Amino acid sequence: MPMITKTVKIDENNIDETLIKEAGEIIKRGGLVAFPTETVYGLGGDALNPESSKKIYAAKGRPSDNPLIVHIYRIEDLYEIVEEVSDNAKKVMDAFWPGPLTMIFKKKDKVPFETTGGLDTVAVRFPIHPTAMAFIEASGGFVAAPSANISGRPSPTLAKYVCEDLDGRVDMIIDGGNIPIGLESTIVDMTGEKPMILRPGFVSKEMLEEVLGEVCVDPTILDANSTERPKAPGMRYRHYAPKADMVIVRGDSDRVVAKIKEMGQNKECTVLCVSEHVNEFAGMKVKDVGSEKDYNEIAASLYRVLRECDDENTALILSESFSDKGIGAAVMNRLIKAAGHKIIDV
Ligand code: TXA
Ligand code: MG
C-alpha cells in the first residue's frame, strides 16, 4: 500500500527540534524515516523492533538475509546491544567515532534477528552528522538504517534521489542537502582474531593501521574474480549499479584515453574521467568526477554522476580507472561493482 510521504528540510546548523521530534515519534511507533548522514542518506527504522526491520526490507526491495547497520548517538549505548567490546574496538572508537566507520560485534539478545539478517553479530555505527545524531536520539537511540535507495541502485547523496526511490514507501524524508563524503561507511569486523575490513570507505586501511597495527581486508574485495562469499552479505549483491552498461578502462593514462576514444567512436556514450582529462575527450559527452589531486571530491561525486547518467538515459558508460590508495580503494570498489566487474586493461 503506497503511503503519503512527508518531506521536510532540516538545516544541520540550525536543527528544527519540532521536526526532529516528529521524525523520532514516527520511528518509535514503528514507521520509517529517511535521513542524512555524513556518508549517504539512510532509510531508518527502530532497530529493536522486528516489525520495523521487516518494513525496511520491504521498502527497499532488499533480500532479508542482508543485515542492517544499527546507528547510535552515544558510546554508552553500544554496551546495551553488543556482548563484548575488545581493546582493539575501543581504540578504533576513540580514533574514528563519531564518524564514517561501522564495526561488527557479537550481538545481545535485545537486537532482533530481523535486524541482523539472522546473524548473531550486529553492525554498529555512530555517525557524526548533526541531524543524524539528533534524529537517532529522538528515535530512542537505536536506528537501523541501510542506504536510502531501492536495492541495487546507487546510494543517494541528494534528497531528490531519496524521493525518487522512496516516495510513497516511507513516512518521512528529511532533506539535509548535499552529503559530504558520498560513499558508505568503512565496515570493520572486530569479532575475529584480527580486525578485518569488509567494506572499504572514507576511513582507509592506512588510517586503521595507524591505530591497530596490521589490519586484514576481506579477500573477496581485493580480487574481483573471487568466487568466495564476501563476509558482509550485502557485498554479494550487484550493487551501486546505474541502469547503463558500464565498462572501466584501466592502465597508463595515455592508453586509457586512447582506448576510451576508440570504444566511444560513433557511439552514444558518456565518459567518466578526472577534471585533468576532460579536454582530452573533446566531442564526446563527458562527466567530470573531480580532480585526481582530490580523491575526496571523486568519492563525493561518484554516486551523483551515476544517477545523472540514469536521468539522461545513458546506454553506455566508459569510465577511467582511478588510484586505489586511501579512499581511492573505496572509490574503485564501488566503481567496479557499478560496472558489474567489466574492466578492460590496456
Ligand atoms: O554509511 C553507511 O554505512 C550507510 C549509512 C546510512 O549509515 N548505511 C549503509 O547500509 O551503507 P547498507 O545496509 O546499505 O550496507 C550495510 C552493509 C551491507 O553490506 C551488510 O551486508 C553489511 O553492512 N552488514 C551489516 N551487518 C553485518 C554483519 N553483522 N556482518 C557482516 N556484514 C554486515
Ligand atoms: Mg546500500
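Me: Which residue in S15 is the bridge partner of Val-271?

Reply: This is a predicted model. Strands of a sheet pair through backbone hydrogen bonds, either parallel or antiparallel. Here Val-271 has Leu-318 in S15 as its bridge partner. Strand S13 (residues 270-273) and strand S15 (residues 316-320) run parallel and are joined by 3 bridges.

Me: In what order do the strands of the sheet with S13 and S15 lie?

Reply: The order is S14-S13-S15-S12-S16, an open sheet of 5 strands with parallel pairing. Strand S14 (285-288) and strand S16 (343-345) are the edges, each pairing on one side only. On average, neighbouring strands of this sheet are turned by 25° against each other, direction ignored.

Me: Which strands does helix H9 touch where it packs on this sheet?

Reply: Helix H9 (residues 253-264) touches strand S12 (245-250), S13, S15 and S16. The direction of H9 makes about 170° with that of S15. H10 also packs on the sheet, with contacts to S12, S13, S14 and S15. The angle between the direction of H10 and that of S13 is about 175°.

Me: How do I read the packing of one helix on another?

Reply: Two packed helices are described by the angle between their axes and the distance between the axes. Take helix H10 (residues 295-311) and helix H11 (residues 328-338): the angle is about 20° and the axes are 9 Å apart. Angles under 35 degrees count as roughly parallel, so H10 and H11 are roughly parallel to each other. Their crossing is left-handed.

Me: Which residues of H10 and H11 meet?

Reply: On the H10 side they are Tyr-295, Ile-298, Ala-299, Leu-302, Tyr-303 and Leu-306. On the H11 side they are Gly-328, Val-331, Arg-334, Leu-335 and Ala-338. By class, the residues of this contact divide into 9 nonpolar, 1 polar and 1 charged.

Me: At what angle do the axes of H6 and H10 cross?

Reply: The axes of helix H6 (residues 159-166) and H10 cross at roughly 55° and come within 11 Å. H6 and H10 are therefore oblique to each other. The crossing is left-handed. H6 contributes Tyr-161, Glu-164 and Asp-165 to the contact, and H10 contributes Arg-304, Arg-307, Glu-308 and Asp-311. The residues of the contact of H6 with H10 divide into 1 nonpolar, no polar and 6 charged.

Me: Is the pairing parallel or mixed in the sheet that contains S1 and S11?

Reply: The pairing there is mixed. This open sheet has 11 strands in the order S1-S8-S2-S3-S7-S4-S6-S5-S9-S10-S11. Strand S1 (6-9) and strand S11 (216-217) are at its edges, and each pairs on one side only. One parallel pair within it is strand S2 (residues 33-35) with strand S8 (residues 172-175), joined by 2 bridges. The bridge partner of Val-33 in S8 is Met-172.

Me: How many helices and strands does the protein chain have, and what is its radius of gyration?

Reply: The protein chain has 11 helices and 16 strands. Its radius of gyration is 20 Å, which agrees with the value near 20 Å for a compact globule with 346 residues. Along the principal axes, the C-alpha atoms of the protein chain fill a box of roughly 55 × 45 × 35 Å.

Note on methods:
Residues are numbered from 1 along each chain as its sequence is written. Chains are lettered from A and ligands numbered from 1 in the order in which they are written. This is a predicted model: local features need pLDDT of at least 70, side-chain atom pairs count only at pLDDT 80 or more; totals for chains, interfaces and linings use all residues. Side-chain values use heavy atoms; hydrogens and water are left out. Axes are lines fitted to C-alpha atoms, for helices over the stretch in contact, and angles run from 0 to 180 degrees between N-to-C directions. Helices (H or I, at least four residues) and strands (E, at least two) are DSSP runs, numbered from the N terminus. Angles under 35 degrees count as roughly parallel, over 145 as roughly antiparallel, 65 to 115 as roughly perpendicular and the rest as oblique. A crossing is left-handed if the near helix is turned anticlockwise from the far one by less than a right angle, and right-handed if clockwise. Contact means heavy atoms within 4.5 Å. Ala, Val, Leu, Ile, Met, Phe, Trp, Tyr, Cys and Pro count as nonpolar, Asp, Glu, Lys and Arg as charged, and the others, Gly among them, as polar. Two strands pair if DSSP finds at least two bridges between them. The radius of gyration is taken over C-alpha atoms; the globule rule is 2.2 Å times the number of residues to the power 0.38.
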